[in-house]
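Here is a short report on one protein model and its ligand. Please look over the sequence and the structure before reading on.

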Amino acid sequence: MIRVSGPSLGPFARDLLGREPIPRHAHYGPVRDEHGEILDHCLALYFPSPHSYTGEDVLELQGHGGPVVMQLLLSHVLQAGRALGLRMARPGEFTERAFLNDKMDLAQAEAVADLIDAGSAQAARMAARSLGGEFSAQVHQLVAQLIEVRMLIEACLDFPEEELDGLESFGFADRLERLSAALQSLLSRARQGVLVREGMNVVIAGEPNVGKSSLLNALARDDIAIVTDVPGTTRDRLSQAIVIDGVPLNIIDTAGIRETDDPVERLGIERARREIEKADVVLWLADATAGTVEAGPTDPVVMQIISWATAAGASLLPVLNKIDLLGEPEAPVGDDRLRLSALTGQGIADLEQRLLSLAGWQGSAEASFIARERHLEALREAGAHLAMAAQVLEQGPELMAEELRLAQQALGSITGTFTADDLLGEIFSRFCIGK
Ligand code: GDP
């Protein structure tokens, strides 16, 4: 599809289509080049401002879709619109204009990109809800409550102290507490949204032959088709993406990390190290048949991987594999490692639940909309200002008013009420072209 957006596209659309387009009607017909030769038969849709995606006049042309014919159409459209200053759109520019023309707020605009980039069905559904305004509505509700408190404070500032019975009469402490509680609950739901968007990184570490690849296959079993069919789901050669309960998991492969003096291999190890340092969880896999209850890993490579990951903040999850080979299925006293068999699948479901709970996943019921790290930061910042407002309550309304103003500003940055231009550039440049 070729999409054109801008002010006053009416005459341009009429010339291009050879007829007056009826707004929001589908027109089928030939599009001709400057010599009157047919380039393609297209379906054309014209959306006059403001009832369009961008809020400007928009013309959409659907051709037959082959790369050559689309390129011909595109060149022709660009040529025909030269007098209008028509040019190729920058990545995300349509959505950026939609935002600037108040067709959607910033959280919704980000959800457009998240919908397109969704790595799981769950992520796509949640992005669709954010795009529909579910997250923004929650933010607006908080802002409305905040404004109410700010108005009361402004009233306090306007009246000299002797005319008021002190700040207690307004119940500020209670109001601030309710606001903080509502903010914390939104933060917790937004965290789920970030988890579904960004997934979690898991490193599987263990000696050779303990069953690392077998475990990866067992985890990926329901999912391998999705993973291999969707290009881009595997982000890196060193990692593999799988989805558990809608949460994307990026499993980082540590095979091939063995000590070496070879400078080329060492480069590979450095890369692997950077991947490992991104881990949220390091899963230490050991062979249940290998005997004694160990206090910890002894293999130097495994120890190295675990220390890289945990130093960077990952949690350690010890797991025993191959329990199908044990005559004695019960764990020995003092060994509380997760026990499973990658071969028979026994214990895999438990492992999946442990991984999800380590990531902070609270179940899909909690996660209704997609969110980004940027949103969490804004919510945390607003929370800090609310806490500060409660602390300075005793010191009079002025300080509190300022903290609440800053809290509102932080919340406003989520929906784009207060947002710096460079942040907008950063957000929209990550879109693909044409969106
Ligand atoms: P890696 O070197 O750690 O990746 O280990 P592999 O996944 O290649 O497994 C090494 C060997 O152990 C293979 O022959 C697997 O079939 C076998 N294996 C892996 N997991 C299990 C298990 O749970 N039970 C049994 N009986 N064998 C397993």
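A charge sits over a ring if NZ of Lys or CZ of Arg is within 6 Å of the ring centre and within 35 degrees of the ring normal.

## Basis

This is a predicted model: local features need pLDDT of at least 70, side-chain atom pairs count only at pLDDT 80 or more, and totals for chains, interfaces and linings use all residues. Residues are numbered from 1 along each chain as its sequence is written, and side-chain values use heavy atoms, with hydrogens and water left out.

## Arg3 and two rings

The charged end of Arg3 sits over the ring of Tyr53, 4.9 Å from its centre. Arg3 also lies over the face of Phe94. Here the distance to the ring centre is 5.2 Å.

## Aromatic pairs

The whole structure holds three aromatic pairs. Rings of Phe, Tyr and Trp (its six-membered ring) pair if their centres lie within 6.5 Å; planes under 30 degrees apart count as stacked, over 60 as edge-to-face and the rest as tilted.

Phe99 and Phe428 form a tilted pair, 6.2 Å centre to centre, with 35° between the planes. Both are buried (under 20% relative accessible area, 1.4 Å probe, protein chains only). Phe428 also pairs with Phe431, again tilted, at 5.5 Å and 35°. Ring pairs link Phe99, Phe428 and Phe431 into a cluster.

Which ligand atom lies 2.6 Å from a polar side-chain atom of Ser213? An oxygen atom. A polar side-chain atom of Ser341 lies 3.1 Å from a ligand oxygen. A polar backbone atom of Leu343 is 3.1 Å from an oxygen atom of the ligand.

Definitions and conventions
Polar contact = N/O pair within 3.5 Å; in protein donor to acceptor, adjacent residues only side chain to side chain. Buried < 20%, exposed > 50% of the residue type's maximum accessible area, 1.4 Å probe, protein only.
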